[in-house]
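I began with the overall fold and then looked up individual residues.

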Amino acid sequence: LLEGTDLKDEIVVISGHHDHDGITADGTIFPGADDNGSGTTGVLELARVFAQAKKDGKGPRRSILFIAFAAEEKGLLGSQFYSENPVFPLANTVTCLNMDMIGRIDDKHLNGNHDYLHIIGSDKLSSELYAINKKANEQYTKMELDYMYDDPKDPMRIYYRSDQYNFAKHNIPVTFYFSGLHPHYHTPEDTVDKIDFPMMV
């Protein structure tokens with residue numbers, strides 16, 4: 001927890017999951033570098049820079065809770081446990097910003113703009129969160145924001161498949177940041193040598 005200032009009782013959750021499928025019975029290893037070593041690294045990096053900002057007198061107004069959940073691959077179990085046994089009341093949790101797979105270029109963008117990010121769920125429970133995210137991007141990062149997975153008809157149903165969904169179930173506005181699917185998704189080939197570090201940054 002990084003305590004905020006005048007709005008410290010309001011909690012912003014920044015999350016990712018640190019598990020993958022591990023080692024199977026036949027000894028096959030699933031490294032999970034992108035899914036979700038990348039998102040967990042994002043959580044740690046944001047914790048580091050926000051802590052430094054606070055030391056420099058530029059800390060956040062709201063408190064930020066950085067969480068790396070377990071057992072996402074087994075059915076979002078870690079975030080479900082937290083949502084049912086929160087350290088801080090869910091009534092005080094204003095949003096969950098979740099990072100899952102942010103380290104690779106997906107098939108859709110492979111031959112196009114690599115400075116992009118899929119934004120999932122930001123408008124589902126709060127038009128304000130959608131607007132804040134869009135404005136922050138226009139002001140600071142200027143990335144291509146891809147909303148393809150927000151389509152209710154999307155067959156992948158990505159919105160329901162990562163840890164932010166257990167916050168959304170409690171009517172907490174969420175955003176899921178995702179760089180998309182690739183051929184090594186959920187395979188033993190999801191290795192660190194394939195991470196696109198400049199893109200991930």
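This is a predicted model: local features need pLDDT of at least 70, side-chain atom pairs count only at pLDDT 80 or more; totals for chains, interfaces and linings use all residues.

**Entry 1: overall fold.** I looked up the secondary structure and found 5 helices and 8 strands. Read along the sequence, their order is β-β-β-α-β-α-β-β-α-β-α-β-α. The radius of gyration is 17 Å, close to the 17 Å given by the globule rule for 201 residues, so the protein is as compact as a globular protein of that length. I then took the extents of the C-alpha trace, which spans about 50 × 40 × 40 Å along the principal axes.

Entry 2: What share of the 201 residues counts as buried? I recorded 46%. The accessible surface comes to about 10,500 Å², and carbon and sulfur atoms hold 57% of that area. I next looked at contacts between residues at least 6 apart in sequence; 80% of these join residues at least 24 apart.

**Entry 3: charges.** I counted 19 positive and 31 negative charges in the protein. Their mean positions lie 7 Å apart.

**Entry 4: Asn 133.** I located Asn 133 in helix H3, which covers residues 127-141. Is Asn 133 buried or exposed? Its relative accessible area is 12%, and Asn 133 is therefore buried, the cut-off being under 20%. Setting aside residues up to four places away in sequence, I found that Asn 133 touches Ile 119, Leu 145 and Tyr 177. With Tyr 177 there is also a polar contact of 2.6 Å between the two side chains.

**Entry 5: Ser 122.** I placed Ser 122 in the loop between strand S6 (116-120) and H3. Ser 122 counts as buried because its relative accessibility is 0%. Which residues is Ser 122 in contact with, leaving aside neighbours within four places in sequence? I listed Leu 129, Tyr 130, Tyr 147, Val 174 and Thr 175.

**Entry 6: Lys 55.** I found Lys 55 in helix H1, which comprises residues 33-55. With a relative accessible area of 70%, Lys 55 is exposed, since the term applies over 50%. I also took a distance from Lys 55 to Ser 38, 17 residues away along the chain: their C-alpha atoms are separated by 26 Å.

Conventions. Residues are numbered from 1 along each chain as its sequence is written. Side-chain values use heavy atoms; hydrogens and water are left out. Helices (H or I, at least four residues) and strands (E, at least two) are DSSP runs, numbered from the N terminus. The radius of gyration is taken over C-alpha atoms; the globule rule is 2.2 Å times the number of residues to the power 0.38. Buried means under 20% relative accessible area, exposed over 50%, partly exposed in between (1.4 Å probe, protein chains only). Contact means heavy atoms within 4.5 Å. Accessible areas come from the Shrake-Rupley method with a 1.4 Å probe; for residues, only the protein chains shown count as cover. Lys and Arg count as positive and Asp and Glu as negative; His and the chain ends are not counted. The place of a charge is taken as NZ of Lys, CZ of Arg, CG of Asp or CD of Glu. A polar contact is a pair of N or O atoms within 3.5 Å; within protein, one must be able to donate a hydrogen and the other to accept it, and residues adjacent in sequence count only if both atoms are side-chain atoms.
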